[in-house]
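I opened this model to look up its strands, helices and cores. My entries follow the order in which I checked them.

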Amino acid sequence: MNKLGRQVSHHIGESSEIAAARRAGNELARRVGFDEVRAGQLALVITEAATNIVKHAREGEILLRTLAADGKFGVEVIALDRGPGMANIALRMEDGVSTAGTYGVGLGAIRRLSQEFDVYSTEDLGTVLMMVVWGDGVGAASSDWQVGAVCLPVAGEEACGDAWDIGMGRSSVAICTADGLGHGPDAALASDPAVVLASQRPDLSATSLIALAHEALRGTRGAAMAIAVIDEEKGQLGFVGVGNIAGCIFTDGARRHLMSHNGIVGSNLRKVQEFCHPWEPGAMVILDSDGIATRWDLDSYPGLVFRHPSLIAAVLYRDFARKRDDAMVVVVRQRSTHA
């Protein structure tokens, strides 16, 4: 399972910003030990994706972050825009086809140079691309779990007060999300120690994890938190929410909201109540902070629910981020046994 952290966003609207995003990708490649060949491939992926944004949509964003899985390192690139979208993705995916006059040969090249790739595009709503380039050119082993997220600070801040982490237990998956009060470095000091509990103690219940987080956050600003623990053997999801992080489960097209109580973890933990819900392979859980407006509906995006969770998170961020607070969307799906 890929470990995914916070991104850095790069606005794309002119050629100088394409170059800046490429330089940022080169720096990430250096940090994770890419060789020259792999670093060059990452640079081309970023350049192609960003140039498509400028040519087709005029402006958009490139989100970058490093990944780690199974002792391997990679870089994830998410390109998003609100342009005219693509009517014939299959044609544009043919290697050698470029309708944007890009430096390479279009989406086919991006797919060929990436070890992981997915795209979602709708006419008049825009396009989102997800690409991962791994340092070994192969990538992590296949997993029953797919994870995607967008986690970004409010404009003007480098530190993000929203945070998340995920951990695999013997037969469970623990997902911890936190929104430190306010934003900036002090908010991050509250959220960071709360979410690492997921990877440290993934076999604990959601109730136990929230209690540990409450102790860990004493002396900080405190945070809103939502914790989901999926027990594969029991076929259930246990959920505890404190504060304004929203959650929902999607199963067979039906959406079930997850209930939270008021309070502040680390300061004023008024009530802890764990709710248990049925869980089965193919189900998906989405957790999002209050930096994301609550009125979104996946039914408005035909076919999006079947795309990679990174695309789902990116679309919700693109269309529903409030822009006045840190923003976080975390999407976790267990592959169907019939997939």
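The notes below start with the ground rules and then go from sheet to core.

**Ground rules**

I am working with a predicted model, where local features need pLDDT of at least 70, side-chain atom pairs count only at pLDDT 80 or more, and totals for chains, interfaces and linings use all residues. Residues are numbered from 1 along each chain as its sequence is written, and side-chain values use heavy atoms, with hydrogens and water left out.

**Open sheet**

I took helices (H or I, at least four residues) and strands (E, at least two) as DSSP runs, numbered from the N terminus. I called two strands paired if DSSP finds at least two bridges between them. What is the strand order in the open sheet? I read E8-E9-E10-E11-E14, 5 strands with antiparallel pairing. Strands E8 (162-168) and E14 (275-278) are the edges, and each pairs on one side only. For angles I used axes, lines fitted to C-alpha atoms (for helices over the stretch in contact), and angles run from 0 to 180 degrees between N-to-C directions. Neighbouring strands here are turned by 15° against each other on average, direction ignored.

I then checked one pair in detail. Strand E9 (residues 172-180) and strand E10 (residues 223-231) run antiparallel and are joined by 9 bridges. Cys 176 has Ile 227 in E10 as its bridge partner.

**Helices on the sheet**

Contact in these notes means heavy atoms within 4.5 Å. Helix H7 (residues 206-216) lies across E9, E10 and strand E11 (236-242). H7 runs at about 150° to E10.

Buried means under 20% relative accessible area, exposed over 50%, partly exposed in between (1.4 Å probe, protein chains only). Which residues of H7 are buried? I found Ala 206, Leu 209, Ile 210, Ala 213 and His 214. Seen down the axis of H7, the buried residues fall within an arc of 145°, so they line one face of the helix. That arc is the one of the directions from the helix axis to the C-beta atoms. An α-helix has 3.6 residues a turn, so residues three or four places apart point the same way. The buried residues of H7 pack against E9, H5, helix H6 (197-200), E10 and E11.

**His 277**

His 277 lies in strand E14. Is His 277 buried or exposed? His 277 counts as buried because its relative accessibility is 14%. Gly 238 is 39 residues away in sequence, yet the C-alpha atoms of His 277 and Gly 238 are 6.5 Å apart. Not counting residues up to four places away in sequence, His 277 touches Gly 235, Gln 236, Leu 237, Ile 249, Arg 256 and Leu 258.

Why is strand E15 (residues 284-288) largely enclosed? I count it so because 5 of its 5 residues are buried. Met 284, Ile 286 and Asp 288 are buried on one side of E15, and Val 285 and Leu 287 on the other. In a regular strand the side chains alternate between the two faces of the sheet.

Strand E12 (residues 246-251) runs antiparallel to E15, with 5 bridges. Phe 250 stands opposite Met 284 in that pair. E15 is also joined antiparallel to strand E16 (residues 327-334) by 5 bridges. There Met 284 stands opposite Arg 333.

E12 pairs with strand E13 (residues 254-258) as well, antiparallel over 5 bridges. Cys 248 has His 257 in E13 as its bridge partner. The hairpin of E12 and E13 has 2 residues between the strands, and Asp 252 takes a positive phi near 50°.

**Cores**

A nonpolar core here is a set of buried Ala, Val, Leu, Ile, Met, Phe, Trp, Tyr and Cys residues joined through side-chain atoms within 4.5 Å. The largest core has 34 residues. Among those touching the most other members are Ile 286, Trp 296 and Tyr 317. Helix H8 (309-320) is one of the elements that supply at least two residues each. H8 gives the largest share, 8 residues.

A second, separate core has 28 residues, including Val 45 and Ala 49. Met 131 touches both Val 45 and Ala 49. Met 131 sits in strand E6 (residues 126-134), and counts as buried at 0% relative accessibility. Its C-alpha is 6.4 Å from that of Ile 78, 53 residues apart in sequence.
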